Amino acid sequence: MATYQYRCADCGPFDVIRPIGRALTEEPCGSCAGPSRRVFTAPLLARTPTPLARALHAQEAGAQEPRVVTDVPPARRRPTPPSDPRQAGLPKP
């Protein structure tokens with residue numbers, strides 16, 4: 001479905017939703033039922049946001065070819081505690 005814009009001489013612009021390629025050159029206005037001419041506008045194009053596209057691509061690739069792991073992933077490094085000299089005097093567990 002596509003949204004086509006028409007302009008009524010008395011009421012102003014309005015939109016009509018029709019299948020692509022089925023737009024008429026004139027449509028009756030929704031308010032006054034007068035003939036309204038089609039207004040040609042830029043098409044509404046939208047891109048998929050990059051993070052969503054990356055996630056969809058990873059999901060699609062994972063469904064077709066699951067990732068094979070040959071090694072154990074490296075362990076995460078623990079953050080080093082702050083080097084506060086007062087902690088040296090505390091009892092160790």
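The model is predicted: local features need pLDDT of at least 70 and side-chain atom pairs count only at pLDDT 80 or more, while totals for chains, interfaces and linings use all residues. Residues are numbered from 1 along each chain as its sequence is written, and side-chain values use heavy atoms, with hydrogens and water left out. The side chain of R86 meets that of D84 in a salt bridge of 3.1 Å, N to O; such a bridge requires a side-chain nitrogen of Lys or Arg within 4 Å of a carboxyl oxygen of Asp or Glu. By the same rule, the count comes to 3 salt bridges. In one of them, E26 pairs with R37, the closest N and O atoms being 3.5 Å apart. E26 lies in strand β3 and R37 in strand β4, so the pair ties together parts that are 11 residues apart in sequence; strands are DSSP runs (E, at least two residues), helices are runs of H or I of at least four, and both are numbered from the N terminus. E26 is partly exposed, with a relative accessible area of 38%, whereas R37 is exposed at 54%.

E27 belongs to strand β3, which covers residues 26–28. A relative accessible area of 8% makes E27 buried, whereas R18 counts as partly exposed at 26%. The two side chains meet in a salt bridge of 2.7 Å, N to O. They are also joined by a polar contact of 2.7 Å, that is, a pair of N or O atoms within 3.5 Å in which, within protein, one must be able to donate a hydrogen and the other to accept it, residues adjacent in sequence counting only if both atoms are side-chain atoms. Leaving aside neighbours within four places in sequence, E27 is in contact with Y6, F14, V16, R18, G34, P35 and S36; contact means heavy atoms within 4.5 Å.

S36 is part of strand β4, residues 35–39. Its relative accessible area is 0%, and S36 is therefore buried. The side chain of S36 reaches the backbone oxygen of G34 at 3.4 Å. Not counting residues up to four places away in sequence, S36 touches Y6, R7, C8, F14, T25, E26, E27 and C29.

**The largest nonpolar core.** In soluble globular proteins, nonpolar side chains tend to be buried together. Here the largest nonpolar core has 7 residues: A2, Y4, Y6, C8, F14, V16 and C29. Strands β1 (2–8) and β2 (12–18) are the elements that give two or more residues to this core, and β1 supplies the largest share, 4 residues. A nonpolar core is a set of buried Ala, Val, Leu, Ile, Met, Phe, Trp, Tyr and Cys residues joined through side-chain atoms within 4.5 Å.

**The aromatic pair Y6 and F14.** The structure holds 1 aromatic pair. Y6 and F14 form this pair, which is stacked, with 6.0 Å from centre to centre and 25° between the planes. Rings of Phe, Tyr and Trp (its six-membered ring) pair if their centres lie within 6.5 Å; planes under 30 degrees apart count as stacked, over 60 as edge-to-face and the rest as tilted. Both Y6 and F14 are buried.

**Y4 in strand β1.** Y4 is found in strand β1 and counts as buried at 10% relative accessibility. A polar atom of the Y4 side chain lies 3.0 Å from the backbone nitrogen of G21. Residues up to four places away in sequence aside, Y4 touches F14, D15, V16, R18, P19, I20, G21, R22, A23 and R38. The C-alpha atoms of Y4 and A61 are separated by 37 Å, the two residues being 57 apart along the chain.

**Helix α1.** Helix α1 comprises 15 residues, 50–64, and should span 21 Å at 1.5 Å a residue; its end C-alpha atoms are 21 Å apart, which agrees. The expected span is 1.5 Å times one less than the number of residues. Of the 15 residues of α1, the number buried is 0, so the helix lies largely in the open.

**A33 in the loop between β3 and β4.** Most residues other than glycine have a negative phi. The phi of A33 is near 65°, a positive value in a residue other than glycine. A33 is placed in the loop between β3 and β4 and is exposed, with a relative accessible area of 56%.

Note on methods: Buried means under 20% relative accessible area, exposed over 50%, partly exposed in between (1.4 Å probe, protein chains only).
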